[in-house]
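This report describes one protein model, taking its sheet, its charged pairs and its surface in turn. The sequence and structure come first.

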Amino acid sequence: MTVTDDVIEGEVLPAVVQAAPVTLFRSDDPAEVLRRATETADILAAAVKDRGLVKRIGGKDFPLVEAWTMLGTLVGVFPVPAWTRQIEGGWHARVEARTRDGAVVGAAEAIVTRSESNWRNRDEYALLSMAQTRATGKALRLPLGFIMTLAGYEATP
């Protein structure tokens, strides 16, 4: 928020409080938001490609969680684990996507269980960590998926 004092003919009028724009790009002008999102997507696309932060599945490039957290950092949205719980045969986690001021702009839950072939014989900490990793990608996808799509990647984590 910004507070401004208006001066008319030598008189100072009461301060007017103006609300900050609600978008991550600090603008309420759709053209400006799209311009900034596209600029961010172009920067992201180059970094993701240079560092190989995708997994190719069925001829499509799906961003790894590191690509999602990079995008979040570029626009000021960070994954924050809300909780992790042990469930029968695995782990369930919730992660919130938050701005620096703590506003929740997305959230997601994910599980990993020993019924999955890759996780059948893994240590508990690995299952717990993977539940958080999956929830992280999903939580960031909700507010930021359109930017990942603009970057040329699939928006599904």
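Is Glu109 buried, partly exposed or exposed? Glu109 is partly exposed, with a relative accessible area of 34%. Here buried means under 20% relative accessible area, exposed means over 50%, and partly exposed lies in between, with a 1.4 Å probe and protein chains only.

## Basis of the model

This is a predicted model, in which local features need pLDDT of at least 70 and side-chain atom pairs count only at pLDDT 80 or more, while totals for chains, interfaces and linings use all residues. Residues are numbered from 1 along each chain as its sequence is written, and side-chain values use heavy atoms, with hydrogens and water left out.

Helices (H or I, at least four residues) and strands (E, at least two) are DSSP runs, numbered from the N terminus. Two strands pair if DSSP finds at least two bridges between them.

## The sheet E7-E8-E9

An open sheet is formed by 3 strands in the order E7-E8-E9, with antiparallel pairing. E7 and E9 stand at the edges with a single partner strand each, so one side of each has no neighbour in the sheet. On average, neighbouring strands of this sheet are turned by 20° against each other, direction ignored. Helix H3 packs on the sheet, where it touches E7, E8 and E9, and its direction makes about 145° with that of E9. Contact means heavy atoms within 4.5 Å; axes are lines fitted to C-alpha atoms, for helices over the stretch in contact, and angles run from 0 to 180 degrees between N-to-C directions.

## Pairing and hairpins

Strand E7 (residues 77-87) is joined to E8 by 10 bridges, and the two run antiparallel. Thr84 has Ala93 in E8 as its bridge partner. The hairpin of E7 and E8 has 2 residues between the strands, and Gly89 takes a positive phi near 80° there.

On the other pairing, 9 bridges join E8 to strand E9 (residues 104-113), again antiparallel. In E9, Gly106 is the bridge partner of Ala97, and Ala107 is the bridge partner of Glu96. The hairpin of E8 and E9 has 4 residues between the strands, with Gly102 at a positive phi near 95°.

## Salt bridges

Side chains of opposite charge can pair when their charged atoms come close. With a salt bridge defined as a side-chain nitrogen of Lys or Arg within 4 Å of a carboxyl oxygen of Asp or Glu, the count comes to 9 salt bridges. One of them joins Arg94 to Glu109, with the closest N and O atoms 3.4 Å apart. This pair links distant parts of the chain, since Arg94 is in strand E8 and Glu109 in strand E9, 15 residues apart. Arg94 is partly exposed at 23% relative accessibility.

Glu124 and Arg114 form another salt bridge, the closest N and O atoms being 2.6 Å apart. Glu124 lies in helix H3 and Arg114 in the loop between E9 and H3, so the pair ties together parts that are 10 residues apart in sequence. Both count as partly exposed, Glu124 at 33% relative accessibility and Arg114 at 24%. Arg56 pairs with Asp61 at 2.7 Å between the closest N and O atoms; Arg56 is exposed at 55%, whereas Asp61 is partly exposed at 23%. Glu32, Arg35, Arg36 and Glu39 are linked in a network of salt bridges.

## Surface and backbone

Leu34, Phe146 and Leu150 make a nonpolar surface patch of about 270 Å². Patches are made of residues with over 30% relative accessible area and no salt bridge, like charges being joined within 9 Å and nonpolar side chains (Val, Leu, Ile, Met, Phe, Trp, Tyr) within 5 Å. Accessible areas come from the Shrake-Rupley method with a 1.4 Å probe, and for residues only the protein chains shown count as cover. Leu150 belongs to helix H3 (residues 124-150) and is partly exposed at 37% relative accessibility.

Most residues other than glycine have a negative phi. Arg26 is not a glycine, yet has a positive phi of about 55°. Arg26 sits in the loop between strand E4 (16-18) and helix H1 (30-51), and is exposed at 66% relative accessibility.
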